[in-house]
Amino acid sequence: MLESRLDLPVEARAVLEEEESLLERVRAALDRARERGTAPRAPRELRSIAALRELRDEAATASADDLPAVLLEMSVRQRLIEQEPREALPDPLCPYLAHLRVDEGKGAKDYLLGHATFLDPSADVRILDWRVAPVAQIFYRYREGDEYEETFPGRVAEGVVKARRIVVVERGVLTRIVGDGLVLTQRGDGRWTLAERASLAMQPGGAGTAARPGSLGVGAGALDQARAAEVTALLDPEQYAAVCAPAQQPLLVLGSAGSGKTTVALHRLARIAALDPARYPLPAMSVVVPEEGLARLSRRLLSPLGAGEAQVKTLDAWSAATAREVFGRPIALCADPPALVSSLKRHPALYRALRDRFAKLAPASTTLPRLRRRLADVFTDRGFLEGVVAASAGDLPRSAIEETVRHTVLQLAEPLEKELASIIVPEMKRALDGRAIAEGTPDELAGTLDVDDLPILLFLRAARRGLDGAGWSHLVLDEAEDVSLFELFVLGKLLGEARSVTLAGDEAQQTSSSFAGWDAALAALGVADAATCRLAVSYRCPRPVTELARRLLGKLAPEAPARAARDGAPIGLFRFPSEAQAHLFLAGALRDLAGREPRASVAVVARDQDAARQFHGLVADLPEARLVLDGAFSFEAGIDVTDVDSAKGLEFDYVVVPDATAAAYPMTDEARRRLHVAVTRTSHQLWLIAGAAWSPLLADAGAS
């Protein structure tokens with residue numbers, strides 16, 4: 001036993017022996033509790049005991065008339081307490097997750113954070129549920145050596161953090177201790193090793209490496225380090241040749257994450273407008289992107305190029321505005337359609353099926369009411385939907401059929417507002433909480449269309465009757481791999497006579513089911529003769545990230561790998577047995593990074609919005625932390641907690657994937673692409689963290 005730690009410094013050996021001694025003390029206390037058959041009282045039981053004590057005090061002073069009623073209430077309370085279930089004892093194989101020692105002026109006191117509360121004052125053992133215990137706030141918000149002041153129920157706590165450690169116990173064995181500036185790990189042979197302090201923190205010097213207004217994502221540095229003209233001078237020969245392509249030549253710009261696709265597309269737009277403003281006026285130019293975050297970034301990046309007058313919209317905003325203009329009436333939209341329904345409505349198999357089904361549709365039948373009825377017939381026709389699913393080649397599950405039918409039937413129902421039209425008292429048309437009666441119920445869908453229905457309606461209208469209005473002088477489509485064939489067809493009908501367009505994309509970053517291949521995309525847009533430019537150098541991501549990203553894609557990776565423009569900080573890999581430990585570790589690491597690199601942009605990119613909300617709750621007290629799920633990125637220094645879809649197309653100095661687990665990213669092609677998108681958002685350093693088993697994609701890539 002002694003030999004397993006002889007190589008450790010004295011301080012590290014003392015920490016290890018302290019944690020081993022504490023674990024043994026906890027085990028002994030749990031053994032005694034099991035022998036006694038006792039368990040900690042549940043919070044509800046504690047409230048019942050407090051109420052019983054109050055009744056006893058009341059009985060001591062009650063009058064003769066009141067005493068019988070008080071005694072009866074005491075008897076009822078006592079029986080309830082006896083019937084209350086006790087909380088289970090902590091698992092002896094993993095009794096706690098973390099160790100916090102504080103001193104509030106009366107000597108040091110140890111608190112252990114776990115999944116269940118257990119107190120044994122005689123053994124000086126305090127295990128508290130980390131999810132609800134107020135003292136857990138100290139662990140999250142402070143570091144070792146910090147003074148703290150926190151308001152707890154009934155008191156204000158002031159003191160000093162003496163020790164703050166994540167303690168990993170697996171199958172009853174202490175295997176790792178992660179403290180502030182210390183990582184002790186037990187190897188397979190039983191020996192303990194001490195990691196370097198630097199491995200606990202993100203590498204410094206990342207501030208300003210990601211895109212900022214004026215830098216256009218070529219790694220030129222922070223805003224005060226590069227002006228628009230200087231950035232243009234940094235374009236490489238491939239990028240510059242693409243920017244200088246003739247305006248009348250449709251152009252497809254392909255490249256891996258960080259290769260400068262957005263740089264080329266926006267520079268080309270600005271150059272075309274500057275060379276021939278009469279034929280290509282800026283107000284008639286448009287930039288369309290899938291997500292609001294990328295739309296906001298595009299507006300910022302166009303401004304220093306003198307192209308701020310160009311219209312920048314998301315696909316959803318563009319389709320909603322176009323549908324209102326074409327059909328001449330407002331359209332009630334479903335805010336959050338089921339994911340399977342959206343996937344079906346954007347899939348190339350549906351595009352081909354509807355094109356054939358409505359090939360002979362009369363132009364007079366393309367009014368909005370008639371098209372809505374025809375579309376409703378399609379989406380409730382199980383036989384037709386079965387054909388679409390079969391033609392999707394496994395992209396769409398059969399469950400999408402019933403989900404689409406159910407969702408459409410709800411939308412076909414008569415809105416409650418019409419049924420309540422005869423009620424003249426406004427208050428009677430609202431629920432007790434003040435909301436509309438249908439809000440939050442299935443009836444809320446009645447009379448609505450999905451935003452994914454709009455491009456389909458516009459496609460049917462454009463194919464049989466055309467679209468009125470002047471065309472764009474130039475169109476930029478960024479992240480074009482996520483633009484559906486319906487959207488591409490309609491966008492193509494809005495191009496001006498010059499057919500001036502730039503598409504930028506990367507099939508490896510596809511995150512929706514809409515991609516049909518570049519040949520099909522260009523044909524739907526009406527520019528099958530587009531020239532192709534391939535960008536071969538990744539300027540955003542350092543070499544370790546570029547190499548990992550390619551391995552993650554596996555068979556989906558392009559034949560010619562992107563070349564990394566530079567080396568960079570190593571990737572941080574941290575796995576813990578539980579999500580709680582992973583969150584405890586990452587919350588502390590982010591606080592440390594925010595203090596050391598106050599000018600850096602940091603993104604915590606979770607698998608979806610629910611996971612992002614959960615993690616943000618752990619760092620919400622940090623003024624630098626922002627939950628961004630609607631694309632409202634500020635592109636300023638700080639910590640943006642977001643999801644893969646929201647972060648796509650953007651870049652940050654530091655990126656953390658907090659849930660690189662098998663559950664979040666299983667061995668599927670979709671998960672490969674989504675994890676690839678997440679890791680390639682960084683321009684300086686990447687961390688991957690798992691609170692369970694690693695994603696098999698990381699093992700397949702040789703990273704875990």
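Reader: Which helix gives the most to the lining of the largest pocket?

Author: Helix 10 does, with five residues. Keep in mind that this is a predicted model. As for the general idea, rolling a probe the size of a water molecule over the atoms shows where empty space is left. Here, the largest pocket holds about 1700 Å³ of space.

Reader: Which residues lie nearest the centre of the largest pocket?

Author: Glu291, Ser342, Thr511, Ser512 and Asp645 do, out of 47 lining residues. Two or more lining residues come from each of helix 8 (292–302), helix 9 (315–327), strand 13 (333–334), helix 10 (339–346), helix 21 (609–619), helix 22 (644–647) and helix 23 (669–679).

Reader: How many residues of each class are in the lining of the largest pocket?

Author: There are 21 charged residues, along with 13 polar and 13 nonpolar ones.

Reader: What is the volume of the second largest pocket?

Author: The second largest pocket has about 540 Å³. Its lining is made of 27 residues, and Ser256, Pro558, Ala560, Pro561 and Ala562 are the closest to the centre. Strand 10 (251–255), strand 17 (531–535) and helix 19 (543–553) are the elements that supply two or more of the lining residues. Helix 19 gives the most, five residues. By class, this lining divides into 14 nonpolar, six polar and seven charged residues.

Reader: Let's turn to cores. Which residues have the most contacts inside the largest nonpolar core?

Author: Leu344, Leu350, Leu477 and Leu491 do, in a core of 62 residues. Helix 16 (residues 453–464) provides the largest share of this core, with seven residues. Another core lies apart from the largest one; it has 54 residues, including Ala603, Phe635, Val644 and Ala690.

Reader: Now for whole elements. Why is helix 23 described as largely enclosed by the rest of the structure?

Author: The way to read this is to count buried residues along the element. In helix 23, nine of the eleven residues are buried, so the helix is largely enclosed by the rest of the structure. The buried residues are Ala671, Arg672, Arg673, Arg674, Leu675, His676, Val677, Ala678 and Val679. Among the elements that cover them are helix 19, strand 21 (601–606), helix 22, strand 24 (652–657), strand 25 (682–690) and helix 24.

Reader: And single residues? Is Thr448 buried or exposed?

Author: Compare its accessibility with the cut-off: buried means under 20%. Thr448 has 8% relative accessibility, so it counts as buried. Thr448 sits in the loop between helix 15 (416–419) and strand 14 (449–450). The side chain of Thr448 reaches the backbone oxygen of Leu445 at 2.7 Å. Apart from residues up to four places away in sequence, Thr448 touches Ala332, Leu333, Cys334, Arg372 and Gln411.

Reader: Is Gly702 buried or exposed?

Author: The cut-off on this side is over 50% for exposed. Gly702 has 61% relative accessibility, so it counts as exposed. Gly702 lies in the segment after helix 24 (696–700).

Reader: How many residues apart along the chain are Gly702 and Leu548?

Author: They are 154 residues apart along the chain, while their C-alpha atoms are separated by 8.4 Å.

Technical notes: Residues numbered from 1 in each chain as written. Predicted model: local features only at pLDDT ≥ 70, side-chain atom pairs only at ≥ 80, totals over all residues. Heavy atoms only, no water. Core = buried A, V, L, I, M, F, W, Y, C linked by side-chain atoms within 4.5 Å. Buried < 20%, exposed > 50% of the residue type's maximum accessible area, 1.4 Å probe, protein only. Helix = DSSP H or I, 4+ residues; strand = E, 2+ residues; numbered from the N terminus. 1 Å grid on protein atoms, 1.4 Å probe; cavity = no way out; pocket = protein on both sides within 12 Å on 5 of 7 lines; lining within 4 Å. Points joined across faces, edges and corners; volume = space filled by probe spheres on them. Nonpolar A, V, L, I, M, F, W, Y, C, P; charged D, E, K, R; others polar. Polar contact = N/O pair within 3.5 Å; in protein donor to acceptor, adjacent residues only side chain to side chain. Contact = heavy atoms within 4.5 Å.
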